[in-house]
Amino acid sequence: MTEEPIIECCNVGFSYPEAETKALNNVTFSVKRGEFLSVIGHNGSGKSTLARILNGLLEVDEGEVRVLGMKVSEGKNAIEVRKHVGIVFQNPDNQMVASIVEDDVAFGPENIGVEREEIGRRIDWALAAVGMEKFRKSTPARLSGGQKQRIAVAGVLAIKPDVLVLDESTAMLDPRGRREVIEVVRRLNKEEGMTVILITHFMEEALLADRTLVMNRGEIVLEGSPESVFENGETLETYNLALPRISSIIAPLRKAGMNIENVLRPEELAAQIIENLNEKGIYSAQSSPFVPAVRECAHEWDVDVENLSYTYSKKSPFASKALSGVSLHIDDGEFFGIIGHTGSGKSTLIQHFNALLKLPQAQKHFKKPKAKKGKPAPVLPSLTIGKFDLSDKKCDFKALRANVGMVLQYPEYQLFAETVFADVAFGLKNFNPKLSEAEVEQAVKNSIEIVGLDYEDIKDKSPFDLSGGQKRRVAIAGVIVTKPHILILDEPAAGLDPKGKREIMELLHKLHGEWCNTIIIVSHDMDEVAENCTRSCIISEGKVFACDYTANLFKRADELFSLGLDVPLTAKIAMELGRKGIIVESDCTTADFAARVAGIYGGENA
Amino acid sequence: MLNDVTFGQYYPVGSFVHRLDPRFKILALIAFIVLLFVADNFYSMAACFLLLLFAIAFSRVPVTSVIRSVKAIIVIIIFTAVINLFFHTGSHLLWQYGVVKIYREGVIFTVFFVLRLFFLVMASSVLTLTTTPVALTDGIESLLKPLSYIKFPVHELALIMSIALRFIPTLIDETNRIIAAQKARGADFESGNIFKKIKAVIPVLIPLITSAFRRADELGDAMDARCYSGSKNRTKYKKLAFGWRDLVAFLSVAALIAGVVLFNIYAYRVYPPFYEYIKVY
């Protein structure tokens, strides 16, 4: 790393037209060649604006930005600057211009007039750098999110920039995709000496950098090595940033009298715990076993799936099997988690739960399959939810949908009405056309209030004028307004910052039991599932891999890793401790885990 | 419900016809259509049919999918065929009922006309079945290239087509997602009269349009960030190249042209007594 600054921002200010507050205020920082810088901040803190001023997509109002000594604010040299500073954006779908990978990667070099043979070499190099050589002739529509985002990185690399800016490029990806992209970026930084600016709200990603900037309300409020930044625990929380999850284990351990430094990695924490225990002379121990609480329930709204299979585009050359022989039981009143990669079939599964996809028997032109020579007739799937039999053509699907609420991924994109009130009332009026105005108003009011919004303030606003978090709440209100017995949410926290995530999960717990009996969430965030769900199932390649109490599932860490899935932080630490003879059994929530470790330290169950 | 993964008709097998240069395929289709209209006797038509058969056989697409394309316009064909049959005049009256007269020339013409349309549609579908929309766009762009000298925005047009193709699957996915979401909120897209159905589309259309604008915005930023500044000083990576397959195919098309021209001129010599039944007036 040389000392030559590659980017310099000096007292930069920027405000969007018609905005009351500045998006950036007095921002000063510089980046050295070869540095890996991370920028964190809550949604709306100005970090994406920061990315856009670096290559002249936005022109600063005050101060100046220099890239390799060139002043960016002049507007004329925008192309010249963009050759040196490449940005990868958030949504992998919205960055590609061509339907074939190599054509898309070629787009940048074509724009700056690189010669044909050289473009070919650059495509080879860029695709190799992101590990996507095999997909050169593929079409983006068939790639996973992580793969698409790696193509987007390759598209920027092909311009051969000096600085690679990632503007929340991992926010919309599942853990596997996120890992793929982050690994590519780290390797580029280490091996090719690429300067990287990683804008993110995943604290775990920010830790990988040499240096971290924290932004709040358009200002840089903290700066330093990731470790030093995360020392400022309480201060970070005032900036609406969540601490890395590990700190919520460290704090109670310290309270229990253990001597633990701030660390960021599970192995380091495990080592410290062992050290503490060894000092006390504890070399092997076992916590009290984890006993799942037995719940009483009426079994009125159980979900029962038997032998469910589903194939998209049947009988076409593009047929793809999404589910094969799924059987699953979810009790009335559970907080249930469905875990799996994007494309594992989990979304297909839940779409059956409120008949968005129907069983073959319930479809119009259903013919009973006959037994073929030597083979028995294929067993038909069955699916019952409470008293509804979804394999019956005559099932009242409308009544079913009123009782099984479904919040799909990114539900804010389904808002359409002129006012929030009308949007929330949409479902209610569809299901109960005979309700009086007053009844509708009361139901909508209750629903908007339970999701934590101010009814009087928001009811006449256009849903399109709300902030991202508010939109999502309105969308959820629009589903729960019918008071469904079962509420299903597909990735309810996707794309939100840590604070928004926490708030959504708190909301779900508030709804659970009181407003909706059963809550089923689909997630690929293992920590989220561990903290919230009592029971879960893992879907892999269209099959139920396992279905059990969440805590028991995560004991099978090795198997999960082999599926390419992760385990929650608590399970990782428990694994490390287990290797040293300290067996901690917990329900995998951070609170319970910390309490049990503290218990061992305090001499219980030793 | 819209189909989920695919659009267009492309049938993915790597056959001889699939690997032909898209420019050649477009030009060959145009030549074929012209020949269909130049042909004025059944010998020429049979030659055209022969080439079409070869094309289908070497494309390895199922014959059913080629025939399905004809089904789409069968009503129009029957309708025009009937009109032709009754209104084409000639000298050999075959059948008469009041003012309705059918002549032998009319029958010949109608059969000819129907074959012409069938072959035309089948040949077009061979093109779309064996050529990806992307390759078609590239082909069209390359063929239009000369027009850029008269300031016709060929590059911009090609980019628009390419982006449109790129986003069709994305927007179809999105539409399906929104339909599912509104169905889950009790929206009903199937029952009710036409006005109710139109009204039911609004909750799908508005989110779709908003999202398309949002995507366009983000795409614009991403293109800018990748140094896009119009067609000035731009190079092009993709280059279409003719290969031996194109030569073979070109020779077959050339043979067909020669065949049709020769038959048009010398058809009466093949078997003179037959001539008046195979010639179209």
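**Figure 1. Buried residues of helix α14 of chain A in the predicted model.** Within α14(A), the buried residues are Val420(A), Phe421(A), Asp423(A), Val424(A), Ala425(A), Phe426(A), Gly427(A), Leu428(A) and Asn430(A). The helix spans residues 420-431 and is mostly covered, with nine of its twelve residues buried. The cover over these buried residues includes α15 (437-450), α16 (455-458) and α17 (468-480) of chain A, together with α8 of chain B.

**Figure 2. The largest nonpolar core and a second, separate core.** The largest nonpolar core has 106 residues, and Val424(A) and Ile488(A) are those with the most contacts inside it. Domain 2 (247-291 + 569-601) and domain 3 (303-363 + 378-533) of chain A each give at least three residues to this core. Apart from neighbours within four places in sequence, the contacts of Ile488(A) are Ile350(A), Phe353(A), Val404(A), Gly405(A), Met406(A) and Ile520(A). In soluble globular proteins, nonpolar side chains tend to be buried together.

**Figure 3. The contact between chain B and chain A.** Chain B contributes 48 residues to the contact and chain A contributes 58 residues. On the side of chain B that touches chain A, the elements giving two or more residues are α7 (154-184) and α8 (194-225) of chain B. The largest share of that side, 14 residues, belongs to α8(B). Sorted by class, the side of chain B that touches chain A holds 23 nonpolar, eleven polar and 14 charged residues.

**Figure 4. Domain 1 and domain 3 of chain A.** The division of chain A gives domain 1 (5-238), domain 2 (247-291 + 569-601) and domain 3 (303-363 + 378-533). Taken over C-alpha atoms, the centres of domain 1 and domain 3 of chain A are 34 Å apart. In the contact of these domains, ten residues of domain 1 of chain A meet ten residues of domain 3 of chain A. On the domain 1 side, the residues divide into three nonpolar, five polar and two charged.

**Figure 5. Helix α1 of chain B against α5 of chain B.** The axes of α1 (residues 22-38) and α5 (residues 104-130) of chain B come within 10 Å and cross at roughly 180°. The helices α1(B) and α5(B) are therefore roughly antiparallel to each other. From α1(B), the contact takes Lys25(B), Leu29(B), Phe32(B), Ile33(B) and Leu36(B), and from α5(B) it takes Arg116(B), Phe119(B), Leu120(B), Ala123(B), Ser124(B) and Leu127(B). By class, the residues of this contact are eight nonpolar, one polar and two charged.

**Figure 6. Helix α1 of chain B against α6 of chain B.** The helices α1(B) and α6(B) (residues 133-144) pack at an angle of about 75°, and their axes are 8 Å apart. They are therefore roughly perpendicular to each other. Pro22(B), Arg23(B) and Ile26(B) of α1(B) meet Ala135(B), Leu136(B), Asp138(B), Gly139(B), Ile140(B), Ser142(B) and Leu143(B) of α6(B). The contact of α1(B) with α6(B) has six nonpolar, two polar and two charged residues.

**Figure 7. The loop residue Arg33(A).** Arg33(A) is in the loop between β2 (24-32) and β3 (36-40) of chain A. With 17 other C-beta atoms within 10 Å, Arg33(A) is partly exposed. The C-alpha atoms of Arg33(A) and Ile6(A) are 5.5 Å apart in space, although these residues are 27 residues apart in sequence.

How values were computed. Residues are numbered from 1 along each chain as its sequence is written. Chains are lettered from A and ligands numbered from 1 in the order in which they are written. This is a predicted model: local features need pLDDT of at least 70, side-chain atom pairs count only at pLDDT 80 or more; totals for chains, interfaces and linings use all residues. Two residues are in contact if their C-beta atoms, placed from the backbone, lie within 7 Å. Helices (H or I, at least four residues) and strands (E, at least two) are DSSP runs, numbered from the N terminus. Ala, Val, Leu, Ile, Met, Phe, Trp, Tyr, Cys and Pro count as nonpolar, Asp, Glu, Lys and Arg as charged, and the others, Gly among them, as polar. A nonpolar core is a set of buried Ala, Val, Leu, Ile, Met, Phe, Trp, Tyr and Cys residues joined through C-beta atoms within 7 Å. A residue is buried if 20 or more other C-beta atoms lie within 10 Å of its own, exposed if 12 or fewer, and partly exposed in between; C-beta atoms are placed from the backbone. Domain bounds come from an automatic or database domain assignment. Axes are lines fitted to C-alpha atoms, for helices over the stretch in contact, and angles run from 0 to 180 degrees between N-to-C directions. Angles under 35 degrees count as roughly parallel, over 145 as roughly antiparallel, 65 to 115 as roughly perpendicular and the rest as oblique.
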